[in-house]
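Let's walk through a protein model together, starting with a hole and moving on to some charged pairs. Keep the picture open as you read.

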Amino acid sequence: MSSGAVVVLCATLAACTSSTPDSPPPAPSSSASSSASSVSVPSSDAPVANGCGAAELAKLSLRQKLAQLVVVGVTGAGDAQQIVENEEIGGIFIGSWTDKSILTGGAASRISKNSPIPLMVTVDQEGGRVSRLSALGIDHESPRQLAQTKTPEQVKGIATEVGRKLKRLGVTVDFAPVADVSDESDNEVIGDRSFSNDPAVVIEYASAYAAGLAAAGITPVYKHFPGHGHGTGDSHLGVVSVPSLAQLQTSDLVPFRTLLADPGTAGVMVGHLIVPGLTNGLPASISRPAIQMLRTGVGYDGPRYNGVIFSDDLSGMAAISAQYPIEQAVEKFILAGGDVALWLSTDRVSSALDNLETAVARGRLAPSRLDAKVLRILRSKGVVTC
């Protein structure tokens with residue numbers, strides 16, 4: 001889910017989930033080891049196999065493929081319509097600052113339906129402190145309260161009802177549930193957004209919540225890999241370190257290891273977290289060893305995961321934005337192995353795509369790797385079913 005301009009901006013986001021009240025971003029313009037080297041994981045962006053999705057991929061230009069890797073926050077229906085027409089992006093994000101008539105008036109559904117490829121219409125709706133659509137009657141207790149007062153079956157039912165309401169509004173992806181393990185006090189950055197400090201409880205309730213969303217036709221997204229619950233601070237505000245990889249193995253990584261053995265339709269969001277013994281001083285969101293560990297399971301005894309990997313917000317969280325302009329941050333995430341880069345506004349989408357085109361032209365992003373990413377996204381959207 002303080003003071004100063006950075007804090008204000010961080011509080012506006014969607015995937016960013018501070019408990020501070022939100023305010024809008026600037027209006028868009030027209031447009032088990034001790035070192036990272038000890039963790040060796042194979043590349044997982046393999047070429048398209050057996051012709052799966054080949055026909056769909058063949059219809060897309062390079063620019064259109066790259067645009068599928070982008071989900072951005074919009075201010076309202078006009079902003080969304082313009083960026084989708086101009087760049088055919090993969091999705092939009094409904095933030096707290098977004099004019100909600102884009103949902104209640106049906107514009108999000110209409111824009112998606114009229115797009116060559118359906119949009120991911122995404123939102124950050126966890127319940128409790130992070131309830132971006134509470135004004136539309138979508139809310140419930142915090143995850144921690146749910147785990148303390150409800151059975152998993154009851155939580156699945158609650159999530160199913162949330163999912164049905166989201167579906168009626170045109171939302172297709174919810175950046176929930178939180179799979180972090182945390183004993184922070186309720187109002188800290190993770191705090192009561194976590195179901196529990198017991199990995200077994202997190203597994204039980206996160207699984208139930210995800211199943212409820214999926215039953216309603218909403219794509220759930222587990223977050224924040226490899227675990228934000230025992231971090232040194234708030235990645236909205238600056239650099240955050242978490243316990244070493246060896247320590248995460250018995251706590252924070254346990255839910256991901258278990259939940260991703262049978263993920264169903266769920267995506268995974270990677271946090272901006274420095275992991276000693278894994279990321280070599282970089283946030284996990286732009287660390288190839290971290291993302292490849294998620295993808296292959298190698299390094300944390302996890303399963304292989306071939307679903308969509310989302311970044312946490314790349315433009316409004318100081319752990320990334322203080323070091324990298326959005327164009328560079330997006331490229332770093334994609335080259336590290338991520339699929340969908342998420343950020344807060346539409347004004348620099350074209351320059352980010354220009355930069356990704358250059359990455360392909362100069363050999364930094366291989367066409368086969370790009371196709372594998374796009375195929376995962378098309379499969380998540382139901383465009384490809386193989």
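## A hole and some charged pairs

The largest cavity has a volume of about 60 Å³. Before we go on, note that this is a predicted model, where local features need pLDDT of at least 70 and side-chain atom pairs count only at pLDDT 80 or more, while totals for chains, interfaces and linings use all residues. Residues are numbered from 1 along each chain as its sequence is written, and side-chain values use heavy atoms, with hydrogens and water left out.

What does "cavity" mean here? On a 1 Å grid over the protein atoms alone, it's a set of points where a 1.4 Å probe fits but cannot get out, and lining residues have an atom within 4 Å of a point. The volume is the space filled by probe spheres set on the points, which are joined across faces, edges and corners.

Which residues line the largest cavity? They are Leu60, Gln64, Gln68, Val84, Glu88, Ile89, Ser115, Pro116, Ile117 and Leu119. Sorted by class, that makes six nonpolar, three polar and one charged (Ala, Val, Leu, Ile, Met, Phe, Trp, Tyr, Cys and Pro count as nonpolar, Asp, Glu, Lys and Arg as charged, and the others, Gly among them, as polar).

Now for the charged pairs. Side chains of opposite charge can pair when their charged atoms come close. The structure holds 15 salt bridges, each one a side-chain nitrogen of Lys or Arg within 4 Å of a carboxyl oxygen of Asp or Glu.

Take Lys65 and Asp371, whose closest N and O atoms are 2.8 Å apart in a salt bridge. Lys65 sits in helix 3 and Asp371 in helix 16, 306 residues apart, so this pair links distant parts of the chain (helices, H or I, at least four residues, and strands, E, at least two, are DSSP runs numbered from the N terminus). Lys65 counts as buried because its relative accessibility is 14%, and Asp371 does too, at 18%; buried means under 20% relative accessible area, exposed over 50%, partly exposed in between (1.4 Å probe, protein chains only).

Next, Asp124 pairs with Lys223, with 2.7 Å between the closest N and O atoms. Asp124 is in the loop between strand 3 and strand 4, and Lys223 is in strand 7, 99 residues away. Both Asp124 and Lys223 are buried.

Glu126 and Arg193 form another salt bridge, at 3.0 Å from N to O. Glu126 lies in strand 4 and Arg193 in the loop between strand 6 and helix 9, so the pair ties together parts 67 residues apart in sequence. Glu126 is buried because its relative accessibility is 3%, and Arg193 is buried at 1%.

Conventions: 1 Å grid on protein atoms, 1.4 Å probe; cavity = no way out; pocket = protein on both sides within 12 Å on 5 of 7 lines; lining within 4 Å.
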